[in-house]
Amino acid sequence: CGLRGPTSFATAPFWEGTESWSSIQDAANNTYSCVRSVNTTSDLQYCEWVSGEVEYYDVLADEWQMSNLAPTMDPALQATFHARLMELKGCDGRKQCHTTN
């Protein structure tokens, strides 16, 4: 997928540096959804599968996402990512989904 981090979003639809979250969905069969938090010091990705499996990666430290950190994830942090994922799955369009926090 190329380079990771804020500059990896420098293609359409153009990451302008104002959003700190993005969502990823499996369009082929909708078996998982992910949320990614990117800023100048961190790049974190959290995914939930319809099977109940959870994945969490520090993409700066593990760019190939080989070490799933979900089993050791703080429950409060997991709740934050889960809530944000549900929020992004329920919004529609840039205006409704745009966030800076």
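Me: How many residues lie between strand 2 and strand 3 in their hairpin?
Reply: Two strands pair if DSSP finds at least two bridges between them. Here strand 2 and strand 3 form a hairpin with four residues between them. This is a predicted model, in which local features need pLDDT of at least 70 and side-chain atom pairs count only at pLDDT 80 or more, while totals for chains, interfaces and linings use all residues. Residues are numbered from 1 along each chain as its sequence is written, and side-chain values use heavy atoms, with hydrogens and water left out.

Me: In which sense do strand 2 and strand 3 pair, and over how many bridges?
Reply: Strand 2 (residues 32-38) pairs with strand 3 in the antiparallel sense, over seven bridges. Cys34 stands opposite Cys47 in strand 3.

Me: What does strand 3 form with strand 4?
Reply: These two strands form a hairpin, again with four residues between them. Gly52, in the turn, has a positive phi of about 100 degrees. The pairing of strand 3 and strand 4 is antiparallel, over five bridges, and Tyr46 stands opposite Tyr56 in strand 4.

Me: Why is strand 3 described as largely enclosed by the rest of the structure?
Reply: Buried means under 20% relative accessible area, exposed over 50%, and partly exposed in between (1.4 Å probe, protein chains only). Strand 3 is largely enclosed because six of its seven residues are buried.

Me: Which residues make up the largest nonpolar core?
Reply: A nonpolar core is a set of buried Ala, Val, Leu, Ile, Met, Phe, Trp, Tyr and Cys residues joined through side-chain atoms within 4.5 Å. The largest one has 11 residues: Val35, Leu44, Tyr46, Val54, Tyr56, Ala70, Met73, Phe81, Leu85, Leu88 and Cys91. At least two residues each come from strand 3 (43-49), strand 4 (54-58) and helix 1. Helix 1 gives the largest share, three residues.

Me: How many salt bridges does the structure hold?
Reply: A salt bridge is a side-chain nitrogen of Lys or Arg within 4 Å of a carboxyl oxygen of Asp or Glu. The structure holds two. In one, the side chains of Asp43 and Arg36 meet at 2.7 Å, N to O. Asp43 is buried at a relative accessible area of 0%, and Arg36 is buried at 6%.

Me: Where do Glu87 and Arg84 sit in helix 1?
Reply: They are three residues apart in helix 1 (residues 75-90), and so separated by about one helical turn. Glu87 forms a salt bridge with Arg84, with the closest N and O atoms 2.9 Å apart. Arg84 counts as buried, at 7% relative accessibility.
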